[in-house]
Protein chains: 2
Amino acid sequence: MVTIKDIAKIAGVSHTTVSRALNDSPLIKPATKQKIGEIARSLNYTPNVNAKSLVNQKSYIIGLYFSNLSAGTSDRFLVEVIKGINTTLPSEYRLAVHDMTTLSHPAEELPRMDGIIVMSQSDQDDAFIEGLSQIDLPVVVLNRQIDKPSLLNVTSNDAQGVYQAIDYAIQLGYQKFSIIEGKPTFRSSIERKKGFLQALADHQIAFPKEYAVIGDYSIESGRTCAKQLLELADPPEVIFCSNDDMAIGATNTCLEKGLAIPADIGIIGFDNIPFSKYTNPPLTTISKPVFEMSQLGAQLLLDSLAGTVSKKQYLLDTELTIRQSL
Amino acid sequence: MVTIKDIAKIAGVSHTTVSRALNDSPLIKPATKQKIGEIARSLNYTPNVNAKSLVNQKSYIIGLYFSNLSAGTSDRFLVEVIKGINTTLPSEYRLAVHDMTTLSHPAEELPRMDGIIVMSQSDQDDAFIEGLSQIDLPVVVLNRQIDKPSLLNVTSNDAQGVYQAIDYAIQLGYQKFSIIEGKPTFRSSIERKKGFLQALADHQIAFPKEYAVIGDYSIESGRTCAKQLLELADPPEVIFCSNDDMAIGATNTCLEKGLAIPADIGIIGFDNIPFSKYTNPPLTTISKPVFEMSQLGAQLLLDSLAGTVSKKQYLLDTELTIRQSL
DNA sequence: GTGAAAGCGCTAACAG
DNA sequence: CTGTTAGCGCTTTCAC
């Protein structure tokens, strides 16, 4: 293991100078920096993070905590989140990943990190997040809107996403739009419905209240809600489903009733889950910018660590993924 | 931040004694240990991992690397793997998660960990694994069988799993069994077919070679392979699919042909992916013990670190998840 | 601009 | 059994 002392010896300077040079201190003359940099490179020097940690009182570890839904749906975005964060973090940082529920020793685990990122997918996470807001560490919450002044928060603009999808459907000539909403207590349900209604309003399209049915984000609820919609005297031409799972359920129902998609009825989902590409027909849906949210979240954490605090709340645009269900 | 010196002062001993006591050294008298332990607890003392790391030349970080299939299927097991490992690792260890492809600086990243766990899902990972086998760190590969003496390896006994499923189907009265194989170069395909054939052989059930068709683990291939099977003059009663994706494709084909599942034809999958619960009908499939594999993998790494090396290769039993497609 | 010395919190000889 | 001392690799006063 090569240390700054080894470099110092070769360069004929003190290890202090090497340390300063490698950290690009303004105290060191460019020529010296240059020389030391070259020696370090030729020796394949890597700084000892543990020693840095000890003296700097930093761990160079960022913690990532994710929801743990029993449904097994929680892992949907995890890979993208990890990639997004890892591509943003400088190389001396490590990303330590945990799930919220198997937190073995919160009190001794949390303080050991420089900052925390939470990928939240359900309001069941609120207690955990509340706990985090107490401790004295920068925390960013991804994916769900949280109104706590102490937390950084990056979410997607779901309303805008749905607006765009409905707008697109209107261009296509559809006129009668129905919605299967998500769990009423979820902010995501509210946001998505907001975008939906706004799009209709902006195009002066009427919205009969029987065209709104309330699901719970499960496949099964998509199935039953769609049934309800199709049995209406004047059934809709499009079913917007507040997530892909319900869209899958709704698709099944339509197919069972002998309806052709999209000829007889259009379906729109939300989330762009991996499976949505394989439904029959492939689902037109709205994608959250998970990768970008994660990158931004990591950057915000870094900024916060550097004291360059900025705005606390960030909203990223979604993207419409056009396939064949509309 | 309370240190061992603080404890030492209160206990009226030297900090060395505190260190030894806290590490349960046999050199320290039980009474002293007892007292020091109590003080530490009352002070809410947590050891400074960075200081330990520095002096022990250990990072207390385990790296987890996972496959990055473009298909987006790679995240299937990730959550379970992370949980399994985290529940096994002692609390001073951190699990740093990465994906293999965005490895920014392998040379300086890898040596910074005490050991490495790889969750592999494809033979595309072989180059990466080969690289790991060069460096001087304990490495355990999960999920795929790797024949390198330097690596620890935990996999599931796929052959046994398929054997059990077919055996179960035979109890149910089925007699004509077909198989949709996975990618021929994959060891998993070979293992699964082996269990399949063995079960038939042990029950003296004939296996016409046209009952074997070769897929590629994709939904689409499940669809076309099933078609091929159903168009046979004497079609099979059961289609065993070497993974769930193909089982989903096969299910679609059967349904399109107006066949009732399981009345007209039985389907068996492999993997127990989250979605398999929601297929129509819910899929009977074989589950790998991902959580247990991960726990065992983490334990082996720990043992390896402690010098308690043991057997290198481990095979864990799968489990049959009975639902309604058979 | 650069160096000498101290110290981050811990473990490990070495002494007693 | 316990204490003294040194040192892990690095950053940071304080001098020069």
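**Entry 1: DNA strand C**

A residue is taken as near a molecule or strand if its C-beta atom, placed from the backbone, lies within 6 Å of it. The elements giving two or more residues to this surface are α2 and α4 of chain A together with α2 and α4 of chain B. Helices (H or I, at least four residues) and strands (E, at least two) are DSSP runs, numbered from the N terminus. I note that α4(B) provides the largest share of the surface near DNA strand C, five residues. By class, the surface near DNA strand C divides into eleven nonpolar, eleven polar and two charged residues. Here Ala, Val, Leu, Ile, Met, Phe, Trp, Tyr, Cys and Pro count as nonpolar, Asp, Glu, Lys and Arg as charged, and the others, Gly among them, as polar.

I record the conventions here. The model is predicted, local features need pLDDT of at least 70 and side-chain atom pairs count only at pLDDT 80 or more, while totals for chains, interfaces and linings use all residues. Residues are numbered from 1 along each chain as its sequence is written, and chains are lettered from A and ligands numbered from 1 in the order in which they are written.

**Entry 2: DNA strand D**

I then turned to DNA strand D, which is surrounded by 25 residues, the closest being Thr3(A), Ser19(A), Asn48(A), Ala51(A) and Thr17(B). At least two residues each are supplied by α2 (15-22) and α4 (49-56) of chain A and by α2 (15-22) and α4 (49-56) of chain B. The largest share of this surface, five residues, belongs to α4(A). I list its classes as eleven nonpolar, eleven polar and three charged residues.

**Entry 3: the sheet with β6 in chain A**

I traced an open sheet of four strands in chain A, in the order β7-β6-β8-β9, with parallel pairing. Two strands pair if DSSP finds at least two bridges between them. The edge strands, each pairing on one side only, are β7 (212-214) and β9 (266-268) of chain A. On average, neighbouring strands of the sheet are turned by 20° against each other, direction ignored.

Strand β6 (residues 177-181) of chain A pairs with β7(A) in the parallel sense over three bridges, and Ile179(A) stands opposite Ala212(A) in β7(A). Four bridges join β6(A) to β8(A) in parallel, with Phe177(A) opposite Val238(A) in β8(A). Five of the five residues of β6(A) are buried; the cut-off for buried is 20 or more other C-beta atoms within 10 Å of the residue's own, with C-beta atoms placed from the backbone. Phe177(A), Ile179(A) and Glu181(A) lie on one side of β6(A) and Ser178(A) and Ile180(A) on the other.

Helix α10 (residues 219-230) of chain A lies across β6, β7 and β8 (238-241) of chain A and runs at about 150° to β6(A). Helix α11 (residues 244-256) of chain A lies across β6, β8 and β9 of chain A, at about 150° to β8(A). Axes are lines fitted to C-alpha atoms, for helices over the stretch in contact, and angles run from 0 to 180 degrees between N-to-C directions. Contact requires C-beta atoms, placed from the backbone, within 7 Å.

**Entry 4: strand β5 of chain A**

I found strand β5 (residues 152-156) of chain A to be largely enclosed by the rest of the structure, because five of its five residues are buried. Leu152(A), Val154(A) and Ser156(A) point one way from β5(A), and Asn153(A) and Thr155(A) the other way. Strand β4 (residues 139-142) of chain A is joined to β5(A) in parallel by three bridges, and Leu142(A) has Val154(A) as its bridge partner. With strand β11 (residues 313-316) of chain A, β5(A) pairs in the parallel sense over four bridges; there Ser156(A) is partnered by Leu316(A).

**Entry 5: Gly63 of chain B**

I located Gly63(B) in strand β1 (residues 61-66) of chain B. Gly63(B) counts as buried because it has 23 C-beta neighbours inside 10 Å. Not counting residues up to four places away in sequence, Gly63(B) touches Ala96(B), His98(B), Met113(B) and Ile116(B). The C-alpha atoms of Gly63(B) and Asp114(B) are separated by 7.9 Å, although the two residues are 51 apart along the chain.

Conventions. Two residues are in contact if their C-beta atoms, placed from the backbone, lie within 7 Å. A residue is buried if 20 or more other C-beta atoms lie within 10 Å of its own, exposed if 12 or fewer, and partly exposed in between; C-beta atoms are placed from the backbone.
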